[in-house]
Each structure stands twice: as C-alpha cells, then as structure tokens.
Amino acid sequence: METILVTGGMGFIGSNFVHYMLKNHKEYKIVNVDKLTYAGNPENLKEYESFDENLYKFYKCDISDFESLLQIAKREKINYIVNFAAESHVDRSIDNPDIFLKTNILGTQALLNVARKLNIQRFIQISTDEVYGSLKFEDPAFTEDLPLKPNSPYSASKASADLVVRAYHKTFNLPINITRCSNNYGPYQFPEKLIPLMINNALNDKELPVYGTGENIRDWIFVEDHCEAVYLVLKEGEPGEIYNIGGNSETSNLNLVKRLLKILNKPKSLITFVKDRPGHDLRYAINYKKIKQELSWEPKTKLDEGLKFTVDWYLNNQEWLNHIINEEYLKYYDKMYKNR
Ligand code: NAD
Ligand code: DAU
C-alpha cells in the first residue's frame, strides 16, 4: 500500500481531502501532519480518531521542523507529499505578515528537503490563484504561464513558495506539481472566510460586513471538486507542471451574499458596507483548460447547488460552529470588524 503525507489535514481543504481519499481511494494510507494552529480543528476528522492505523494516522507537527518531519516520513515510509499546510487568511496576513512568510515559505522548503532526502515519488504544492495578482473586469482569465504579481503578504508568501518548489524541480529534479485553485467553499471552513462568516452572522441576525462596494469578483469552487483535481494531479500530472483549478462560477461578493441570504431566508437589510481591505484584489478568474485537456477534470458542482449544500451543512453542524465561536474567535472578530 502506498502512503501519502498530507500536511494541514486538520484545516478546511486538507480535512476535506482526507475525507475524500479515505472514502474514494482506499488503496492509499494517509498520514496527516498538522501543527493545529487556530485553523486546525481535530473535529474536522473526528470520525477517524480511532480509525485503523494502517489506513490513517495523525501527527501534531510543524512543517518547519525538518528533523521531526524526516523521522515521521521515514517511519511511515511515505511515497507522496501533498502540502496543504499554510497560513491562509489574507486579512490576518495584513495584520501580521511574519508567520505567513515563516510557514508558507520556510515550512514548504523544509518539506521539500524531506522529499529530496527520501526520493519522494511526487510533491504536490497546493498554491492559489492569488499568486497571479488581480484582474480587471474585462481581462481574460488567469493561465498558468502568467507572471506572478501577488498583492498581499499572504499571496506573496505563496508565490515565493511556488518559486522555491519550481527551483527544486529544475535544480534537483524533484518530481513536483503546483496547483493553483480559486476560492473554495464547503463543509469545515473556518468562519473567518467570506461564506462561513456570512452564514454564521446571518444565523445570529448579525450585520454582514461586505468590504468596499462588494463589486469584487471571485471564482467559487466546491471543495470536493478541488480535492478530486488534486488527486488526479497526484496520479496523472506531468512532473514539473503547474495546473490551474477553477470552479467556473464567477460572481461578485455582493451577489454571493444576497444568494446566501435567500437560501437562509434572512433579510438583505443585514448587509453592511464596511471599510475596504487594503490592496484588495478586484477580480480572480481561472482558465482551467490545461487540466481539462490533460487530466479530463472539470468542476462538477454548480454554485447554487453547492451553496445550498454548504448552508445545510452549517445548519446541521451548529455544534461544530459553536465550538469555534469561542473567546479567541470573538476577540479576532472585534479586532477586525469593530469600528471598521
Ligand atoms: P486553513 O487555514 O483552513 O488550514 C490550514 C491548516 O494548516 C490548518 O489545519 C493549520 O493548523 C495547518 N498549519 C498551519 N501552519 C502549519 C505549520 N507550520 N505546520 C503544520 N501545519 C500547519 O487553510 P485552507 O483554506 O484549508 O487552505 C489549505 C491550502 O490551500 C493552503 O495552502 C492555501 O493557501 C490553499 N488554498 C486555499 C484556498 C481557499 O479558498 N481556502 C484556495 C486556493 C488555495
Ligand atoms: O483565491 C483563493 C484564495 O481564496 C485562497 O488562496 C485564500 O487562502 C482564501 O482565503 C481566499 O482568499 P480571499 O481573500 O478571496 O477570501 P476571503 O474569504 O477572505 O474573501 C473573499 C472575498 O470577500 C474578498 O473579496 C474579500 C471579501 N470579504 C471577505 C470577508 C472575510 C468581505 O467582503 N467581507 C468579509 O468579512
């Protein structure tokens, strides 16, 4: 049985990837390494807590800790690494960039060194469309060959990591892939990100803080579609190649929030326009022709269907949500939104 080391597997996309693999691709063992920051939540994988250790194992570990990682990777005889671990929230990176550069760049490098030392069969770097920067309304969608023009400390750290990953391929012949996906949504997303934050506020009849005019556009992808794409890249991607992954669902933030309110049957009067995010990217759009042509992948979930599923998931998992809305979260919320 081959073993995949998944990093950041207690976070939003990482935990969805672990669920996806353990349900759909039982031929792999999954070893999950996560530092358990504020965003890492063991409840995301509760059903695997006392699972068969030959199929799933968890280690609390920082990806910047080369020695511990190497020990784990040797002990578990890993064949592949999929690196989801990161500091992922743009607003936090504006508030305090330091940890973003440490985890996202140096953490990735420590993992690359492990991969190199053990002759790993494939290293997948989970990057983001934000590395390309911002589009105007009329611009064509991002393609993989565009120059990187990140605008936030978060996206700059992800772009830097992409360059280091690429260099390990060119210099050391490490078999890598980089995936660049658009905005994910779905179960287990921490309520600092747009969709779960708006759902949680609306459920509590709290104001919905839309930045600026709400005209900024994002391309939304249901998280399971992203997970399937990552699996296909791992299995069939050409070493050294970069793959864009998109949801074919561009919409403005204001429109998205209105759609959520409709599903939740809550009034539009909850919407409040607040001070804009500094350096706020206007639009992201993904051209995913390459992965479609080479790996026959396309997103399956329509936005309306995915949003309905997601709202229902949060309604049915209020205990999960309530555990997150603790003192630390409320402090964060006040810092970011009070007097904004
Ligand atoms: P998340 O913040 O929900 O989860 C990140 C996980 O990484 C957490 O479990 C956290 O504990 C862990 N982590 C953080 N620092 C660590 C460290 N030093 N060592 C080990 N573990 C650490 O993030 P997410 O939204 O699931 O994003 C996962 C990846 O996908 C990130 O690399 C992000 O850049 C990328 N991405 C996210 C989106 C999106 O819409 N959320 C879109 C495209 C790409
Ligand atoms: O595009 C991929 C990226 O998507 C990932 O790389 C990031 O990890 C992920 O956080 C996400 O970045 P965004 O900045 O696009 O996501 P966020 O949910 O923070 O914001 C989405 C949009 O909504 C953005 O235009 C800012 C706006 N927004 C966000 C919040 C939290 C608001 O208007 N109000 C809010 O309260």
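Which residue has a polar side-chain atom 3.3 Å from a nitrogen atom of ligand 1? I looked this up in a predicted model. The residue is Thr103.

**Ligand 1**

I then listed the surroundings of ligand 1. I found 29 residues around ligand 1, and Ile13, Asp34, Ser88, Tyr154 and Lys158 come nearest. Next I checked backbone partners. A polar backbone atom of Ile13 sits 2.7 Å from an oxygen atom of ligand 1. For Thr37, a backbone N or O atom is 3.1 Å from an oxygen atom of ligand 1.

**Ligand 2**

I repeated the search for ligand 2. Here I found 25 residues, with Asp129, Glu130, Tyr154, Arg277 and His280 nearest. I noted two side-chain partners. An N or O atom in the Tyr337 side chain is 2.7 Å from an oxygen atom of ligand 2. In the side chain of Asn253, an N or O atom is 2.8 Å from an oxygen atom of ligand 2.

**Helices α2 and α4**

Last, I looked at a helix pair. Helix α2 spans residues 66-75 and helix α4 spans residues 98-117. Their axes come within 9 Å and cross at roughly 40°. That angle is why I logged α2 as oblique to α4. The crossing is right-handed. From α2, I listed Phe66, Leu69, Leu70 and Ala73; they meet Ala110, Leu111, Asn113, Val114 and Lys117 in α4. I sorted the residues of this contact into seven nonpolar, one polar and one charged.

Methods:
Residues are numbered from 1 along each chain as its sequence is written. Chains are lettered from A and ligands numbered from 1 in the order in which they are written. This is a predicted model: local features need pLDDT of at least 70, side-chain atom pairs count only at pLDDT 80 or more; totals for chains, interfaces and linings use all residues. Side-chain values use heavy atoms; hydrogens and water are left out. Axes are lines fitted to C-alpha atoms, for helices over the stretch in contact, and angles run from 0 to 180 degrees between N-to-C directions. Helices (H or I, at least four residues) and strands (E, at least two) are DSSP runs, numbered from the N terminus. Angles under 35 degrees count as roughly parallel, over 145 as roughly antiparallel, 65 to 115 as roughly perpendicular and the rest as oblique. A crossing is left-handed if the near helix is turned anticlockwise from the far one by less than a right angle, and right-handed if clockwise. Contact means heavy atoms within 4.5 Å. Ala, Val, Leu, Ile, Met, Phe, Trp, Tyr, Cys and Pro count as nonpolar, Asp, Glu, Lys and Arg as charged, and the others, Gly among them, as polar. A residue is near a molecule or strand if one of its heavy atoms lies within 4 Å of it. A polar contact is a pair of N or O atoms within 3.5 Å; within protein, one must be able to donate a hydrogen and the other to accept it, and residues adjacent in sequence count only if both atoms are side-chain atoms.
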